[in-house]
Amino acid sequence: MLFKYKDNTLEPLPYYDYKDLNGKEKDLENLLASNLNCIYAEAGQLMPIFQERNRQEEPDLCALDKDGNLVIFELKRGIAQENTTIQLMRYAQVYGQKKYTQLNHIFKKYAKTSEELKYAHAETFGLGNAILNEAQFNKNQKLVIVGSSSDIQLMEAVDYWKSKHLDIDFLPYRFYKIGGDIYFDFFAKPYDFHINPRDKKGILFDTNRSHNKNSVWDMFSNSKISAYGSASRYINSFNKGDYVLYYHKGFGVIGAGIIKTSSPKENPGQNELYHTVNLLTPAINTEKDIRYISASELCSLLDKNFYFASTIKSPYLSPEEAELVIKELKGKYQV
């Protein structure tokens, strides 16, 4: 619940479900699917592999966790019908029996890729060479209903099935209208812990190698961190004094610096936004000079999981974690 704080008193703010905002369930589905890496933190990171198709009796959203278990979502924009939990269990019965080859097929169609699911999964979670074998996928299933925090009947239904030892959960959401803007509130269990974005932090940031293999050399030679096109908005995540860890696809963390600028700069000709940085590691200009901490080494070093399939590799790092990574990387460059 969100409260307005004034004169040492709390005033509860009215909240809305998606139906109140005239949103469609498909819009809510897309919102969750494209932002799971922001909503779920630490060990709860999930990889979307499927969304419901029009006029099909299918789950709204399916995702995999790091261990290859299937998480099946049912999303409700307003007060749900009484049979919602039964509907979700029907989906679990069907999709819980799918073998790797079937999951691989639906993932390729969803992601519009020819990449094998097991390799995409390993890259997303930074597993390195510890790629899951096909038999490890979909060994267990978890059911999740995302619904309005006003839907008491649905919460009680979920609690009933949990008491019968079904692996099912209810995640409530709320929308708020504040000063003409709309805010989304979502509680991802178990603890919903995120580092405060305004605090000093470390950010694993992608170097754009998939789209332009030379972008990273421009960043190093000009002491900056950049993002391009639709991804440029992620540059706004940095504050002056934050650590940036350059993540180069196919390698890992290859460089580090501290943000110098208070607000991003623009290079319109390149459709680029960037911050200038003080580099803490060498300004290398060729791949043969790269030293790196791989994704799997990073997870082991910090004893935590990351979602690597995005420009910002969530979650953020604490300053202490960032400094530990930088010390390890400097050792590899012998700085």
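I located Lys313 in the loop between helix H7 (295-302) and helix H8 (319-333). The model I am consulting is predicted.

I looked up the accessibility of Lys313: it is buried, because its relative accessible area of 3% falls under 20%. I then listed its contacts beyond four places in sequence and found Leu204, Asp206, Tyr247, Phe306, Tyr307 and Phe308. The side chain of Lys313 reaches the backbone oxygen of Phe308 at 2.8 Å.

Which residue forms a salt bridge with Lys313? I found Asp206, with the closest N and O atoms 2.9 Å apart. This pair links distant parts of the chain, since Asp206 sits in strand S9 (residues 202-206) and Lys313 in the loop between H7 and H8, 107 residues apart. Asp206 also counts as buried, at 16% relative accessibility.

I next turned to the other salt bridges; the count comes to 16. One of them joins the side chains of Arg90 and Glu57 (3.4 Å, N to O). Arg90 lies in helix H2 (residues 84-95) and Glu57 in the loop between strand S3 (47-51) and strand S4 (61-64), so the pair ties together parts 33 residues apart in sequence. I noted Arg90 as partly exposed at 40% and Glu57 as exposed at 54% relative accessibility.

I also examined Glu134 and Lys118, whose closest N and O atoms are 3.4 Å apart in a salt bridge. Glu134 is partly exposed at 38% relative accessibility, whereas Lys118 is buried at 18%.

Finally, I checked the surface and recorded a nonpolar patch formed by Met1, Phe3, Tyr5 and Leu10, with about 470 Å² of accessible area together.

Notes
Residues are numbered from 1 along each chain as its sequence is written. This is a predicted model: local features need pLDDT of at least 70, side-chain atom pairs count only at pLDDT 80 or more; totals for chains, interfaces and linings use all residues. Side-chain values use heavy atoms; hydrogens and water are left out. Helices (H or I, at least four residues) and strands (E, at least two) are DSSP runs, numbered from the N terminus. A polar contact is a pair of N or O atoms within 3.5 Å; within protein, one must be able to donate a hydrogen and the other to accept it, and residues adjacent in sequence count only if both atoms are side-chain atoms. Contact means heavy atoms within 4.5 Å. Patches are made of residues with over 30% relative accessible area and no salt bridge: like charges are joined within 9 Å, nonpolar side chains (Val, Leu, Ile, Met, Phe, Trp, Tyr) within 5 Å. Accessible areas come from the Shrake-Rupley method with a 1.4 Å probe; for residues, only the protein chains shown count as cover. A salt bridge is a side-chain nitrogen of Lys or Arg within 4 Å of a carboxyl oxygen of Asp or Glu. Buried means under 20% relative accessible area, exposed over 50%, partly exposed in between (1.4 Å probe, protein chains only).
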